[in-house]
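Please look at the sequence and the model below before reading on.

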Amino acid sequence: MIIPLDRHSQNPIYLQIRSYLSRLIESGKITAGQKLPSIRALSESIQVNKLTVIEAYSLLEVDGLIHARQGSGYFVNSSFSPGFNRISYFAPAQEVIISQGGGSFLEQYTASIQARRQADMIDFSSGFPHNPGLANLQRVAKRALAKAGDILFKEDLPQGQLLLRQLIAQMLVQTGLVVSPEEIIITTGSQQALSLAMQYYLQGGDWAIVETPTYHGALGILENLGAKVIGIPMTAQGMNLELLEQYLNSHRPKLIYTISTLHNPTGITTNQEHRQKLLALAQQYECSILEDNAYEGLNFEPVPAPIKASDHHNLVTYISTFSKTLMPGLRVGYMVVTGEHHQHLVKQKLLNDLHVSTVSQAIVSEFLGSGHYRRHLSRLRTSNLQGRNMMLQALEHYFPDAIAWTIPKGGLFLWIHLPDYLPIQAICREALSHNILLANGAVFFPGRGYQAMRLNFCHTPEDIEQGIEILGSLIKKYLTLNFTRAKICS
């Protein structure tokens, strides 16, 4: 196959490949069921890197035009959106929640850790990716330790090793965020970064704004601090900005906590316009922003630059981590802090734990510096995309029409909407008796929210099929029970 490419265009090569193949498929010149050229064959024929072809094919999967068959290659779908035919939406009631934060993070986290230690448990509640195996890590770690030498036996700076900060700064340029290594602080995962930042910006009794739903670990920190929480509901475009402005004006909060890219738990990514408006409101009301993009890098298609990239008044602290993209056990995260806030947070980091493990920092540095990290991300995105599509197809097949869900363009999760009359706690308990662990949507709200659950799609095809089939049967059972009760009462 010959694909005309403009190598001098500002439009990336992988997007040109995607656009060309899309036109061929939609015009019928490549027919349903037809096999596309292999990754190797296409990369050789048009003289591009294999990763470029993988990125193009991954986006065509997101578009619903093609699908991968393990060991066989990529094939054109029989319809342009197989398995995604049901109208899926995100339109919850726009109700503000005011409370003292959430208190179930410990229970949910502990249950997930224990579940993963059971060989027969399907853990849909997890916030981490599928285990890619140890072979590549062992090779990279061996080289990292050999290069690090005696630095491993010495204490280090609280803000982290300079090499790692330099490599992260280079990586962030690709997201549109230009910072210096001196503005980066390495942390023990993003959870520590969240804790340090929230302790710095807030005191007991201060108002803080979060999206609802939001990451339950952040709610736990806010509760521990004694902060008062305003939960602004999410729309399909992100946090409801009209309600945000109303509460910025009435309550004068000290901090806005937001997840702008691949939101946890909904999977939503806000557009550039939304990000600019959010930043403008924060500037108008002199409120700091904590931008937590832990899943940055797991996107299936390009995303806007972080809010921090447009911050010229040092209002935004940006946080991310390698726990979601590389390995949770390394516990390496980072924060971008500019202006007068930086030195204060470095001091807090020092008093918290001196510095992050030098071994973990060396391993992450080797991944970034050797190019292994980019290749690893590409493989991970491809695997996650296949998992997402498999779960969407299973939901279409096994779930009743009363249930709807979001279709994220990256990350690890689907956010499942349930009717208010379904007993979510009973469903979670019964699912656990079938060795399926679920994340009850209630834990992602600072108070009473709506009925939902978060499902991690990073599982084998067999586990996805089995787990969703059982879960679909349970939901149908409780729908029938509700219908029967309603009929009797009438």
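The following paragraphs describe selected local features of the model.

This is a predicted model, in which local features need pLDDT of at least 70 and side-chain atom pairs count only at pLDDT 80 or more, whereas totals for chains, interfaces and linings use all residues. Residues are numbered from 1 along each chain as its sequence is written, and side-chain values use heavy atoms, with hydrogens and water left out.

**A covered strand and its neighbours**

Helices (H or I, at least four residues) and strands (E, at least two) are DSSP runs, numbered from the N terminus. Strand S10, spanning residues 288–292, is mostly covered, since five of its five residues are buried, where buried means under 20% relative accessible area, exposed over 50%, and partly exposed in between, with a 1.4 Å probe and protein chains only. In a regular strand the side chains alternate between the two faces of the sheet. Both faces of S10 are covered, with Ser-288, Leu-290 and Asp-292 buried on one side and Ile-289 and Glu-291 buried on the other.

Strands count as paired if DSSP finds at least two bridges between them. Strand S9 (residues 255–258) runs parallel to S10 and is joined to it by four bridges, and Thr-258 stands opposite Glu-291 in S10. Between S9 and S10 the chain passes through helix H10 (residues 272–284), in a β-α-β crossover that is right-handed; this term applies if, with the strands pointing away from the viewer, the path from the first strand over the helix to the second runs clockwise. S10 also pairs in the parallel sense with strand S11 (residues 316–321), over four bridges, and here Asp-292 stands opposite Ile-319.

**Enclosed space**

A cavity is a set of points, on a 1 Å grid over the protein atoms alone, where a 1.4 Å probe fits but cannot get out, and its lining residues have an atom within 4 Å of a point. Grid points are joined across faces, edges and corners, and a volume is the space filled by probe spheres set on the points. The count comes to one cavity of 30 Å³ or more, and the largest cavity holds about 30 Å³ of space. Its lining consists of Gln-272, Arg-275, Gln-276, Leu-279, Ala-305, Pro-306, Ile-307 and Ser-310.

**Backbone exceptions**

| Site | Feature | Angle | Location |
|---|---|---|---|
| Thr-212 to Pro-213 | cis peptide bond | omega near 0° | Pro-213: loop between S6 (207–212) and H8 (216–225) |
| Asn-264 to Pro-265 | cis peptide bond | omega about 20° | Pro-265: loop between S9 and H10 |
| Glu-286 | positive phi, not glycine | phi about 50° | loop between H10 and S10 |

Gln-47 is exposed, with a relative accessible area of 67%, and Glu-286 likewise counts as exposed, at 70% relative accessibility.

**Cysteines**

The structure accordingly holds zero disulfides. Cys-428 is buried, with a relative accessible area of 14%, and Cys-458 is also buried, at 8% relative accessibility.

Terms used:
1 Å grid on protein atoms, 1.4 Å probe; cavity = no way out; pocket = protein on both sides within 12 Å on 5 of 7 lines; lining within 4 Å. Disulfide = S-S within 2.5 Å.
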